[in-house]
Amino acid sequence: TVTLMTQYVVTRPLYSEDAFADEHEKIHRHHKTLRHHVKQYFTCDLKRAKNAALSLLPFIGWMRIYQLKEWLLSDIVSGVSTGLVAVLQGLAYSLLASLPPWYGLFTAFFPVIVYFFLGTSRHISVGAFPVLSLMVGAVVTRLVPDEGPPVNITGFEGLTIDEQRVMVAASVTFLMGIMQLAMGLLQVGFIVMYLSDTLVSGFTTAAAVHILVSQLKFVLGLVVPGLSGPLSIVYTLEKIFVQIEKTNVCDLVTSILIMVVVFIVKEINDRYKAKLPVPIPIEVIMTVIACGVSYAFNFRVNYKVDVVGRIPVGYESPMGPNMQIFGQTAVEAFPMAIVGFAVAFSVAKVYSVKHDYIIDGNQELIAFGASNIIGAAFKSFAASTALSRSAVQESTGGKTQIAGLLSALIVMVVTLAIGFLLEPLPKSVLGAVVIVNLKGMLMQIREVPYLWRRDRPDCVVWVVTCLASILLGLDLGLAVGLGIELLTVVFRAQFPRCSVLANITGTDIYKDRKDYMSIYEPEGVKIFRIPSPIFFANIDFFRGKLVEAVGFNPLRVLRKRNKALRTIRKLLKKGELQMTSVSGGVNWNSELPANIHVPRVDVHSLILDFSAVSFLDISALKGLKAALKELIRVEVEVYIVACDAYILKKLHSCMFFDDEVKSSMFFLTLHDAMLHILEKHPVDSENTKVCEKV
């Protein structure tokens, strides 16, 4: 069968930018002034007040469309399932934060309540996130170390080491919340865009390694002081291996058993998730069993196993943050604010796309900021969302944050009534649960070979971010990763892949001459394309590539011609050369008298394709004008095509045009310019260059 290609024929005049502007009148658009924007921002009416209320309290929007019969049962099942997981993860992630386990229950309660009213995602489960918990733990152990005195801070007097640590964790969480709230109110939610998927992947993989190492002391039953700062992971491993012979066998066997069973059942959940009504809550089941066995055989006394211990009933009275701690932890609080929001927003975005609703990045910042501020007042630590817990909330049928509210009620029941049942739970079980949940983050290392084959700069970002975060700590590692990521962006823009184009025979299409077999290149015409903005950092690169493309340096040619002209005039003056006049000009491509040699210029027309140039700065504008003048002075006609209207307007406003560089060199499309050149320089059929590559 023969496939018929759709064809089109267009008959229109040949347009330069000037000709098109003369023939087609533009609509004059009134641009609003800064004063107008400010006035509009502070103007309020009934409609705007209603929209503001719905924006700040998004729960009103989805509560109005809540389908009671269809959604309530799903939310109840999801809320109970998520609540049980939240209790377990709250206890476990408290250990990462170097805090007593029950404070994780506070983190699974207060931020969830606040997010219910202010958050725009209907599916994420708010609470402790292992990476954030670890970052909090690093701050806590720096200010209140296991060995040695704490940092001298007013307010620590008369407090136990646990109370000091809770004060540090709550204060840094409060500061983190202020930063998130401020960014939300200032509408800078876009800041998360600077954290690419590659950077976040490398960072979270490194965090998983830190989490794994931090939990080894619980799994092995060893006493290892918490360390923070560069190379802390190396020193922690050293302290673990120095006393490896002191491993508590009961802790180790319990942990291995828990990890194996949980891993196997999680794989079954993944493989048969389409057939299972709800995932098997294996972590909860194994925790209940471990509690029962530990209580029955009195692990704490008989086997010297470290257990959760007494869990106080009820909630503690609120407290204000310590301002001195703010000054000590501001550097760590900012990356925590960014990481917490970035992870939560990326998870929320996945579920919003899947379930077809809109989330607002700035409102999410406000929601998490308020959640962390209010949570910190009640002694919870940094909240975001855990991927595994959010997956439970969504996969068990959760439709809205009613499920989150119910999960918080489950946590409240444990805190107020049945927390004592968890007292015999071995900490090694919590460590095992944390480790087995790291599989997803650790498996991200499989991205490295793919990135190496597909995009090596991205691969470098991943590897450097991961290694820096492992060796230098998560806060410095994130800064290094962000720096490397921005450098790759700069290098890509500074050294773009420029190309020389040629016409695809019989069409008005122009492609890289190296990529296609059948191309048409009129003699003396070059088409040069730069696929990036032109600015101060790449203007010299652009000019260098332009010289390569045309095959000569116009400035050098001009100097040689001027020198040759001076020589000819001297010879004429001495009478050694018989010429009546040189005023008519010299044919520089012909043979010159007296063995005078100048570089030959075979190009009469150059087309610059600006279709991918999105902006020019002042430095680039000056450099471009200098390059154009050099070419014009060696009798090369220059045409610029497909130039953005904004750039053209800027060129006019910056007095770019003069007697040499004229606006008439700008053409609407590449083919318009080519037809204009062919009309001006008719093609000699003998010199026409049609290439059929073999």
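## Surface and overall form

What does the accessible surface of the protein chain come to, and what percentage of that surface belongs to carbon and sulfur atoms? The surface comes to about 35,700 Å², of which 62% belongs to carbon and sulfur atoms, with areas taken from the Shrake-Rupley method with a 1.4 Å probe.

This is a predicted model, in which local features need pLDDT of at least 70 and side-chain atom pairs count only at pLDDT 80 or more, while totals for chains, interfaces and linings use all residues. Residues are numbered from 1 along each chain as its sequence is written, and side-chain values use heavy atoms, with hydrogens and water left out.

The radius of gyration of the protein chain is 35 Å, whereas a compact globule of 694 residues would have one near 26 Å (taken over C-alpha atoms; the globule rule is 2.2 Å times the number of residues to the power 0.38). Along the principal axes, the C-alpha atoms fill a box of roughly 120 × 65 × 65 Å.

## Burial and cysteines

Of the 694 residues, 48% count as buried, that is, under 20% relative accessible area (1.4 Å probe, protein chains only).

Zero disulfides are found in a search of the whole structure, a disulfide being a pair of cysteine sulfur atoms within 2.5 Å. Cys291 is in none, as the nearest cysteine sulfur, that of Cys250, is 14 Å away; Cys291 counts as buried because its relative accessibility is 7%. The sulfur of Cys643 lies 12 Å from the closest cysteine sulfur, in Cys654, and is therefore too far away for a bond.

Note on methods:
Buried < 20%, exposed > 50% of the residue type's maximum accessible area, 1.4 Å probe, protein only.
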